[in-house]
Amino acid sequence: MSGAGAAVAFALAGEKLGKDEKAFFRDCDPWGFILFARNVDQPRQVRALTDSLRDAMGRDVPVFVDQEGGRVQRLRAPTWRNAPPAERFGELWNRERELALEAVRINHQLLAHELHAVGIDADYAPCADIRVKGAHDVIGDRAFHAEPHAVAAMAGAALEGLLDQGVLGVIKHLPGHGRASVDSHFELPIVDADEETLAATDFAAFRAIKGALMAMTAHVVYRAIDADDCATCSSEVIGRIIRGDIGFDGLLMSDDLSMKALAGALRTRTQRALGAGCDMVIHCNGDMAEMIEIANATPRLDHAALRRANAALAARRAPEGFDPQAGLEALGRLFAQAGLDAP
């Protein structure tokens, strides 16, 4: 189907689509939506919410969520499974690489199986940032490993597992958030590593990932590349590093425009991100006034951005046959084979 729509994904305030939200969304026509914990209660309610979004828009809009496992999981126990953080798979990788890849694949089949059942068909996962000793723990155990080749291999397995169960993955945070010394939700991280080091580590992890159709930028300044603007707002980082060195040719989304790493009015943030080369922006707090400001600065998808958006939607498919109980048991066996406790 066509990926037509405005170059933005918006969020909702509550567990139901409000009357004002419905009117606003139908008017501004965002390409997609993002759900958060505030939008989630029970499976039937989430299913009704995702159905109502698609009914309101009159098309099969993608619905996203942050469901990495560990700390970043919007659908949580006891209704949904508490999935392990990525670092558990890094522990397994250190013992048996093939077991780790199979475990990552199964874990993401399990995640996607739960998401697809409630109408969520895109996940802001996996986190493909490398683990860096001494950095802020905003990434921390969300990273699979410290070695870029290990991160790339496990991120690729994660994308496969998600897609097997009908969910598109979004790799993040390009070109690498692992070295950040502060949390970009609250401050602007500045990375002082030289470009040669970044290219061989942070960028290398993303460069080696195969099959990614969507990605999210980092609100991080890389002083060696662009000392003035963070990746989201830097044409140098997006053009030369993300599109060039890393070679990512999929749909590139900003991280949340409401994060405090960014300065200025929402309209300005939107224009700077899109002007730097992001295909799309996202906004996550559900604040209507902020969404209106962003919508007024957001064009419709066209040209390369529309091609990339359509390519992502075209990859959506029905889930393959999968027994989640058998998957859970297999996941436990893989860790046990390596002498580790089941996640």
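The structure is a predicted model, in which local features need pLDDT of at least 70 and side-chain atom pairs count only at pLDDT 80 or more, whereas totals for chains, interfaces and linings use all residues. Residues are numbered from 1 along each chain as its sequence is written, and side-chain values use heavy atoms, with hydrogens and water left out.

The protein has 12 helices and 13 strands, where helices (H or I, at least four residues) and strands (E, at least two) are DSSP runs numbered from the N terminus. Its radius of gyration is 19 Å, close to the 20 Å that the globule rule gives for 343 residues, so the protein is as compact as a globular protein of that length; the radius is taken over C-alpha atoms, and the rule is 2.2 Å times the number of residues to the power 0.38. Along the principal axes, the C-alpha atoms fill a box of roughly 55 × 50 × 30 Å. Of the 343 residues, 59% count as buried, a term that means under 20% relative accessible area, with exposed meaning over 50% and partly exposed in between (1.4 Å probe, protein chains only). The accessible surface comes to about 13300 Å², of which 49% belongs to carbon and sulfur atoms; the areas come from the Shrake-Rupley method with a 1.4 Å probe, and for residues only the protein chains shown count as cover. Among contacts (heavy atoms within 4.5 Å) between residues at least 6 apart in sequence, 76% join residues at least 24 apart.

An open sheet is formed by 9 strands in the order S7-S6-S3-S2-S1-S13-S12-S10-S8, and the pairing is parallel; two strands are taken to pair if DSSP finds at least two bridges between them. Strand S7 (168-169) and strand S8 (171-174) stand at the edges with a single partner strand each, so one side of each is left without a neighbour in the sheet. The partner of S8 is S10, to which it is joined in the parallel sense over 3 bridges, and Lys-172 stands opposite Met-216 in S10. Strand S10 (residues 214-217) also pairs in the parallel sense with strand S12 (residues 251-256), over 3 bridges, and the bridge partner of Met-214 in S12 is Leu-251. Both faces of S10 are covered, as Met-214 and Met-216 on one side and Ala-215 and Thr-217 on the other are all buried. Elsewhere in the sheet, S1 and S2 pair in the parallel sense over 4 bridges, and Ala-9 has Gly-32 as its bridge partner in S2.

In helix H1 (residues 19-28), the residues Glu-21, Phe-24, Phe-25 and Cys-28 are buried. Seen down the helix axis, these buried residues fall within an arc of 95°, so they line one face of H1; the arc is that of the directions from the helix axis to the C-beta atoms. They pack against strand S1 (6-11), strand S2 (30-35), helix H2 (43-57) and helix H10 (288-295). The face of H1 turned away from this buried side carries the exposed residues Lys-19, Arg-26 and Asp-27.

A search of the whole structure finds 0 disulfides, a disulfide being a pair of cysteine sulfur atoms within 2.5 Å. For Cys-233, the nearest cysteine sulfur is that of Cys-230, 4.2 Å away, and Cys-233 is buried, with a relative accessible area of 8%. For Cys-284, the nearest cysteine sulfur, that of Cys-278, is 13 Å away, and Cys-284 is likewise buried, at a relative accessible area of 9%.

Most residues other than glycine have a negative phi, and most peptide bonds are trans. Asp-29, although not a glycine, has a positive phi of about 55°; Asp-29 lies in the loop between H1 and S2 and is buried, with a relative accessible area of 15%. His-303 has a positive phi of about 50° and is found in helix H11 (residues 303-314), where it counts as exposed at 66% relative accessibility. The peptide bond from Ala-77 to Pro-78 is cis, with omega near 10°, and Pro-78 lies in the loop between strand S5 (72-73) and helix H3 (87-93). A cis peptide bond also joins Lys-172 and His-173, with omega about 0°, and His-173 lies in strand S8.
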